[in-house]
Amino acid sequence: MDLFKRVISLVLVVIMLLSAVGCGGTGGDGATTTAGTAAAAAEKAETTELYYTADIPAGTDYKGYEFRILVNEVARFVWGDVDFIAPEQNGEVINDAVYQRNRETEELLNVTLKAIESKNVQEDTNKAVLAGDDAYDLSMVHVHGAAALAGGGLIVELHQLPTLDFDSPWWDGNSISDLSINKKVFMMTGDIETMYRKSIGVIMFNKQIHADHQLDDPYKIMSDRKWTIDTMINMGVNVSADINGDGIYNESDKYGLIYFSDMMALALIGCGVQFATKDADDIPQLSFYGEKTNLVIEKLAELLYVPELSWSWSKAGKTEEAAFKMYQNDQSLFYYGELHAVATMRGMETDFGIMPMPLFNETQESYHHCINPHVAPVVAVPMTVSDFEREGIVLEVMGASSKNLLTPAYYEITLKGKVSRDEESSATLDIVLSTIRYDIGYLFNWGLAALPLGMANSYSTDLASKYESVEASVLAKMQETIEAFTD
């Protein structure tokens, strides 16, 4: 009986992955390998609870076909691939989940999964397709790259894959609906990867500084829906200090917030601003400029543009490593960073908590978060793929297996079990990952995303003139994309 076909519970999968951390590799006499532990756990776990399988034809056999996946090279620091390359088990939960997912897929379909590292996934995909070279079956390219490839007719409209089921629970339905144009889908995300989640922006808070200043419980504030920009300002003002008394705020001083300038765009989205919406025909319409956006920028300026309150490492021309060092040295109450930065803080001696992006005010209906279009990979299929039916089946099987193995390894074990330091942060992560808004106006490379970033670096609140200077260009690029998706 194929391991993939067994019906086991999600809880037992998590236990299995946890045991892999302690049992990875082959020990001496009497030792148990990770693979043996996993198989044994699966054999004993006959139940019907929360295990996912792909609906594929019985007897599907691809006779050893090599399914090639183009990914970021591992050496690319934070954004090097971790979702597809796992040549062996090593006791690290993400690696071992990927390894097992890959082996399950290969066993069930009789394929060989081969991850191919690339310095530039978009460029390599582009070259292969233009040359008519069926070099890759799957391209894990960032959102900007996928949009450009789609506009050039170089990747497959995913409805063309007859065996791909958009309603499968391992695909993120929001990514499918938000990133489509004219009801055409060229990219999506889901349980098959973890990388896009690493790019979501959140707020960390230093628990020691919080306690020293006897500030209100941020988790209660969050649950009471009072976690707003004003709340961050009021807390930060209590903390900021010119440590050496020289009257100049720099890397030696203490702040309410340390941030990078792209926080402006993510905070705008967090406050309910939408760069673009879509009409009844699924056609994008610019919605960025307006009274609400002006109000939010004015409010964010009170937080981000005050040198005595907040320190921008991008405006200061410093590296993120310098920002990390300051935060780990207890020089700021809050730190804005992506989820990968939260993982980097694991070695921080002082405890910290995790909060969502703040609301604009207490009447806002929901928190909102967004991925980083420059680095977050999405599923894209090169136009040169020779067998659309096989493509969909492999994606479905990998997606289902990833939901059983990779997502628990990342979410339950890594984020909640290792990265977060309290149960309340686990609740925050639930909020963050359930409120992703794939704002097409921000994520597609039309030129609008750079506007708030530039404003943050120059401390500008002059939205009217800034928007006027880019509107025509943005509209033209958007129209080009719409026409490409409509053709």
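At 25% relative accessibility, Lys207 counts as partly exposed (buried is under 20%, exposed over 50%, partly exposed in between, with a 1.4 Å probe and protein chains only). The model is predicted: local features need pLDDT of at least 70, side-chain atom pairs count only at pLDDT 80 or more, and totals for chains, interfaces and linings use all residues. Residues are numbered from 1 along each chain as its sequence is written, and side-chain values use heavy atoms, without hydrogens and water.

Lys207 forms a salt bridge with Asp422, with the closest N and O atoms 2.4 Å apart (a side-chain nitrogen of Lys or Arg within 4 Å of a carboxyl oxygen of Asp or Glu). Lys207 lies in helix 8 (residues 207-212) and Asp422 in the loop between helix 16 (406-419) and helix 17, so the pair ties together parts 215 residues apart in sequence (helices are DSSP runs of H or I, at least four residues, numbered from the N terminus). Asp422 is buried, at 11% relative accessibility.

## Further salt bridges

The count of salt bridges comes to 14. Asp430 pairs with Lys416 at 2.8 Å between the closest N and O atoms; because Asp430 belongs to helix 17 and Lys416 to helix 16, this contact ties together parts 14 residues apart in sequence. Asp430 is partly exposed at 34%, whereas Lys416 is buried at 19%.

Within helix 4 (residues 121-130), Lys127 and Glu123 are four residues apart, about one helical turn, and their side chains meet in a salt bridge of 3.2 Å, N to O.

How values were computed
Helices (H or I, at least four residues) and strands (E, at least two) are DSSP runs, numbered from the N terminus.
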